[in-house]
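Trainee: I have a new model on screen and would like to go through its fold with you. Where shall we start?

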Amino acid sequence: MTALAGPAAAHPGHPVGIKDVARVAGVSVGTVSNVINRPDSVSEETRVRVQSTIERLGYVRSESARQLRAGRSRIIALLVLDMANPFFVDVASGAERAAREAGLGVMLCNSAQSPSEEAEYLGLFTEQRVRGVLVTPADTTGANLADFRRHGIPFVFVDRVLPSAEGCSVSVDDITGGALAVRHLLDQGHRDITYISGPRHLAQCQDRRTGALRALEEAGLAGERLREIEAERLDVSAGRDAGARLLGMSPRPTAVFCANDLLALGVLQALYGAGVSVPGEIALVGYDDIEFASAAAVPLTSVRQPAFRMGRTAAELLIEETDERTAPSHEHRRIVLQPELVVRGSSLTVGRPRGRNPA
């Protein structure tokens, strides 16, 4: 066996660089670069010798250095509110699919609904000079994004509406979604409905409440009939806590609409633990239609959001805005997708129609 000369042989832990490849192959650094980036410009004999050396040394080119020279990153950042929520997993899957098809990668980060953590990640994205950012904002004041905007890195709002003059956004019509949920409960004969919201500063929770009130008004009922419980978070644990508060209400409502499915699943656990029948004593509707909704002990009626499509569409808009071939003709757009009601056993009253989109 022939021993290799140079730093790679003398220092096994030393990362192999392009100069090492050039020295071992007996060519210039420029020739190695041409083999990597413009192989057709190099003779076959030289190309084969250099490629063989690259394989033997285990050389991997520095993508960060290449991007620095080219002034263009191949990484898109995605900053979501809660990676424990399957809804955002589906959003990320859609974004990743679009990025992969464009030859790009995705850096996935979780703000945990914290404005301070969001600010830290936006700072990291600036330092890394990512190609662009897909973000579901945690800071409702807009201060974090206003500061980030100064650095000239394109961004797209996901699951939030952004004025088209400021950038692109992809969201779902949550007012319509809230109305779909409560109209269904009204159609099932319910008039005493409680809305379990997440933190009220979140736009989605506000919009879903607005939709619920709209459905009541359409039915000729006063908005004051909608009782409300605010959960601290949008997760199962907060749903269980809200369920305990629900059980203490007098009189208890006959139907509950939750701001997302994780809250609804927590409420379902609390009701089940207290021996309360769903939907016999309390009907239940969630929001998002995550995979676990159909697999619950009582299959959960839910308002479906096209999460995968949302993530994919947002990434496509960002790619269009940052690709030198399409950027000149790019125009900021605000895309609003439509939700749909998926009816399952948790909300059905015996003898009443199922409503739309049974599953």
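Trainee: How many bridges join strand E4 to E5, and do they run parallel or antiparallel?

Mentor: First, the ground rules. This is a predicted model, in which local features need pLDDT of at least 70, side-chain atom pairs count only at pLDDT 80 or more, and totals for chains, interfaces and linings use all residues. Residues are numbered from 1 along each chain as its sequence is written, and side-chain values use heavy atoms, with hydrogens and water left out. Strand E4 covers residues 155-158, and its pairing with E5 is parallel, over three bridges.

Trainee: What counts as a strand, and when do two of them pair?

Mentor: Strands (E, at least two residues) and helices (H or I, at least four) are DSSP runs, numbered from the N terminus. Two strands pair if DSSP finds at least two bridges between them. In E5, Ser 169 is the bridge partner of Phe 157.

Trainee: Which strand is joined to E5 by four bridges?

Mentor: The pairing is parallel, and the partner covers residues 334-337. Its Ile 335 stands opposite Val 170. The strand is E11.

Trainee: Why is E5 largely enclosed by the rest of the structure?

Mentor: Use the cut-offs: buried means under 20% relative accessible area, exposed over 50%, partly exposed in between, with a 1.4 Å probe and protein chains only. Cys 168, Val 170 and Val 172 point one way, Ser 169 and Ser 171 the other, and all are buried. E5 is largely enclosed because the buried residues number five of five.

Trainee: What is the strand order of the open sheet with parallel pairing?

Mentor: The sheet has six strands. E2 (105-110) and E11 stand at the edges with a single partner strand each, so one side of each is left without a neighbour in the sheet. Inside, E3 and E4 run parallel over three bridges, with Val 133 opposite Phe 155. The order is E2-E1-E3-E4-E5-E11.

Trainee: Where is Thr 136, and is it buried or exposed?

Mentor: Thr 136 lies in the loop between strand E3 (132-135) and helix H8 (143-149). Its relative accessibility is 1%, so Thr 136 counts as buried.

Trainee: How many disulfides does the structure hold?

Mentor: A disulfide is a pair of cysteine sulfur atoms within 2.5 Å. Cys 168 counts as buried because its relative accessibility is 0%. Cys 205, at 3%, counts as buried too. The number of disulfides is zero.

Trainee: What share of the protein's residues is buried?

Mentor: The protein has 14 helices and twelve strands. Of its 359 residues, the buried share is 47%.
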